[in-house]
Structure formats: structure tokens, C-alpha cells
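Have a look at it first, then read on.

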Amino acid sequence: MPHLCLNAISKHFDKFTALDSVSLAIPDGAFLALLGPSGCGKTTLLRLIAGLEHPDQGEIRFDDQLVAGDAVFVPPEKRRVGMVFQSYALWPTMTVRKNIEFGLKVAGLTVQERNQRIDEVLDVVGLRGLDGRRPHELSGGQRQRVALARSLATRPQLILLDEPLANLDAHLREAMLAEFRRIHSLTGATFVFVTHDQDEAMAVATHVAVLDRGRLQQLGTPEELYRQPSSSMVARFIGRGRTLPVQVVESGAGRTKVMLGQQLLDMPGEAPTGYGWLCCHASDFKRVPEGGHLKVELLGQVFQNGVFLSHCLPTEIDGDVVSLPLEERLAPGTSIELVLTGGWVIGDGGTGQTWAGRVTGRSSTCRSAVISVS
Ligand SMILES: Nc1ncnc2c1ncn2[C@@H]1O[C@H](COP(=O)(O)OP(=O)(O)OP(=O)(O)O)[C@@H](O)[C@H]1O
């Protein structure tokens, strides 16, 4: 039985649809990242799980308990969830110990039980010895740990984190991500983490739900989203992916024959015949002297991690800019031939017009966009 189960959840604010029939289920002990661009509905979904919003339609279950839907609504304080906010929401005048103790007092624990729980969670988050300090005497990362300790102390069945790393610098964010992973595996609690940063989601989560304009695009492991995206939005959003327009000729048993320009390719993936997308990453392209699958023109290079990350525009098809690592510096405008060593074919969702319209309208955007990259 899934630990957290959302069934066809919809939420409207006046006439605006913030969430449109979102269904997902995750097992006990999962670390779920809710990922998507700004305004896609991530925080609304988290607030619905916490009980801070009522769904207009659908059901939310924790194990076999219905907490929202069908005339049932369990209030937040009865859901056994812990929330960690971007702003930490600590009491500024209370010490670390008192901040953590507050929820335990409300829950009616004895002094001895409270002290035991506080010491336990201070050890888990690595703050033993700092319990007498006030929030302003702590770094941003330490404050975030106090917020997490306060949530963990009440032993909730779910920990909900709303962009918890947004106020930290890049270095601290990476360290805290590692901390979240460690604390998650130590406690075995189910975590749900809101982020718009796909690197954060991919680094920390066991499951990632990608949302776009209030709809669930895909729920999967980080590897599934990267290797087998189910929509062009996911393909472009994850791992700086690229999509090339193809004609699907034949498909079955996990393989698909596609025309990429004048080239016939046999690729993994399945799609109905007609318009489709070939989803790729930088590692799927290899430069060859001649006879490549794709002819491109170099627009610009950035020296990164010891290689020249090279941005190129296809010259014989009207597609996305592709990027790949090259060993040498080349002049902008150099013609390059590429073979595809990997990729994943998907359909265009049955909207051939979207495919054609998008691609035609796209190349001019790409050309101007890439000038700024080079
Ligand atoms: N209380 C509200 N009243 C009206 N509209 C709202 C309310 N809460 C959210 N919305 C709208 O619902 C949409 C989804 O908001 P939400 O905060 O869930 O997005 P998000 O994905 O978390 O965005 P961000 O990453 O920018 O925080 C947005 O367009 C937002 O303006």
C-alpha cells in the first residue's frame, strides 16, 4: 500500500486552475521531490498534503487513512506532518532547545520525554552543543537544521519541505542536500520536498514528480526522468535535455524507427507513427569527420570542467540548439557532423500542429538566444 496517495486532486483559486487532476502514489520512506517551473502548483500541492488547503476535487490518503476528500477533512494538527519552510519560521527569542521543545509541549510529552527527544534530534541534525543559542546566533544552514530538528522531534509520518534551501548560498546548499539525504536515511521518514531546481531534485530524491501548469507530467525515479522522459516538457526540463523533431516511421517492442531529416535511425522508445521527438542529452552526441546523423553549425563554446561545452544549431533540420563537450576550441560557424549514440523517442502527444508550429517558430528564437550564450 502506498504511504502517500493523491487521487485526481484539483484545486482552483477563483477561475484559475492551480492543480488539475493530479494523481500520484509513493511508498513509505520515499523522498519525493515536487519539481517544476515557477507557478506550476508545487507549493499548492504541498499545502494540500499538509492540510493547509482544501482540495476542490479528489482524495488524499496517508496509508489507508483518508485525510481529504469525500466530505472528509482531517485538520493539519491531526495529520502528523512536519513542515519545514524556506524562511525556517523559528521563534526568534527562544533558544534552539526551546524552539524544538515547543511542539513537544503542545503534544503533551513529559519533561523527561521532551529532553530525550530533543537530545535525540540534536544528534540527528548535528547540532549538539548549540542548543542554548538563539536563531540570530546561528548560520543559515544551522537554522535550517533547527527547523528540521523541530519537525523530526514530533515523529511525524511525513516531513514536508518547501524550498528549504532557497535562502542558502550554493556551497551551503550542496552541503545541506547531503545532510537531508543522511537524515532521511537515518530516520526512515517519508519526505516531500518542493523545488524548482532540477539538480537539487535529482541529487536528493528517490522519486520526482514533474509538474507543469498544474498538471503532473511524470512521476519516476531520477534515472527514469533522465533516460525515459514521457513528454517533451520533461525531456527539456531534466538534465538540460534537447528535443529534435522526427517522423516516426515504425514502432514496437521498445524500439522506434524515425526519420531525422533525411536519416533513418533506429532508437529506443515507442511512439505512434507521425510527428515525434527524439530526446537527447549532451552525452548522446559524438563528433565524427563525416557521415554523421546530424549536421550542425557551431554557435559558441564555454570552457567548463576541462572541456569546451559547444552549442550548435542543426543546419538541415529546423530543431533545437544541441550542446556537446568537445576537446578543442573551434571558430564559431565551423560545420560539424554528429552521430547520435543515445536518445529516447516519444510521440508529440497527438498534436502534430504543436510539433510543426513549435519547430518552425523556434529556430529564429534559438539563433538569437544562442548568440548570448556564445
Ligand atoms: N491563495 C491563492 N490565491 C490565488 N492564487 C493562488 C493562491 N495560491 C497560489 N495561487 C496561484 O496558483 C499557482 C500555483 O502557485 P504555487 O505557489 O503552488 O506555485 P509554485 O509551483 O509553488 O511556484 P513557485 O516555485 O514560484 O513558488 C500560481 O499561479 C499562483 O499565483
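In which loop is D63 found? D63 sits in the loop between β4 (57–62) and β5 (65–69); helices (H or I, at least four residues) and strands (E, at least two) are DSSP runs, numbered from the N terminus. Before going further, a word on what you're looking at: this is a predicted model, where local features need pLDDT of at least 70, side-chain atom pairs count only at pLDDT 80 or more, and totals for chains, interfaces and linings use all residues. Residues are numbered from 1 along each chain as its sequence is written.

**Two loop residues and their sheet**

D63 has a positive phi of about 50°, although it is not a glycine. D70 is another non-glycine with a positive phi, in this case about 55°, and it is found in the loop between β5 and β6. How many C-beta neighbours does D63 have inside 10 Å? There are 12, so D63 counts as exposed. D70 is exposed too, with 8 other C-beta atoms within 10 Å. For burial, the rule goes like this: a residue is buried if 20 or more other C-beta atoms lie within 10 Å of its own, exposed if 12 or fewer, and partly exposed in between, with C-beta atoms placed from the backbone.

Strands count as paired if DSSP finds at least two bridges between them. Strand β1 (residues 4–13) is joined to β2 by 7 bridges, running antiparallel, and H12 has T17 in β2 as its bridge partner.

The biggest giver is α1, with 3 residues. The shell is made up of F13, F16, A18, G36, S38, G39, C40, G41, K42, T43, T44 and H196, and a residue is near a molecule if its C-beta atom, placed from the backbone, lies within 6 Å of it. By class, that's 4 nonpolar, 7 polar and 1 charged residues. Here Ala, Val, Leu, Ile, Met, Phe, Trp, Tyr, Cys and Pro count as nonpolar, Asp, Glu, Lys and Arg as charged, and the others, Gly among them, as polar.

**Domains and core**

The domain assignment gives domain 1 (4–223) and domain 2 (242–373), with bounds that come from an automatic or database domain assignment. Their centres, taken over C-alpha atoms, are 38 Å apart.

The largest nonpolar core has 91 residues, and L32, L34, A149, F193 and L278 touch the most other members. Such a core is a set of buried Ala, Val, Leu, Ile, Met, Phe, Trp, Tyr and Cys residues joined through C-beta atoms within 7 Å. Helix α4 (residues 140–153) supplies its largest share, 6 residues.

Setting aside neighbours within four places in sequence, L34 is in contact with K42, L45, L46, V192, V194, A209 and L211; contact means C-beta atoms, placed from the backbone, within 7 Å.

Helix α2 (residues 96–106) has V96, R97, N99, I100, E101 and L104 buried. Their cover includes α3 (111–125) and α4. Just after α2, G108 takes a positive phi of about 85°.

| Strand | Partner | Bridges |
|---|---|---|
| β15 (residues 274–280) | β21 | 4 bridges |
| β17 (residues 294–304) | β20 (residues 335–340) | 4 bridges |
| β17 | β18 (residues 307–314) | 8 bridges |

In β21 (residues 344–347), W344 and I346 point one way and V345 and G347 the other, and all are buried. W344 is also the bridge partner of C279. K295 stands opposite E337 in β20.

β17 and β18 form a hairpin with 2 residues between them, and N305 in the turn has a positive phi of about 50°. G300 has H311 in β18 as its bridge partner. Is H311 buried or exposed? With 21 C-beta neighbours inside 10 Å, H311 counts as buried. H311 and P332 are 21 residues apart in sequence and 9.5 Å apart in space, C-alpha to C-alpha.

Note on methods: Contact = placed C-beta atoms within 7 Å.
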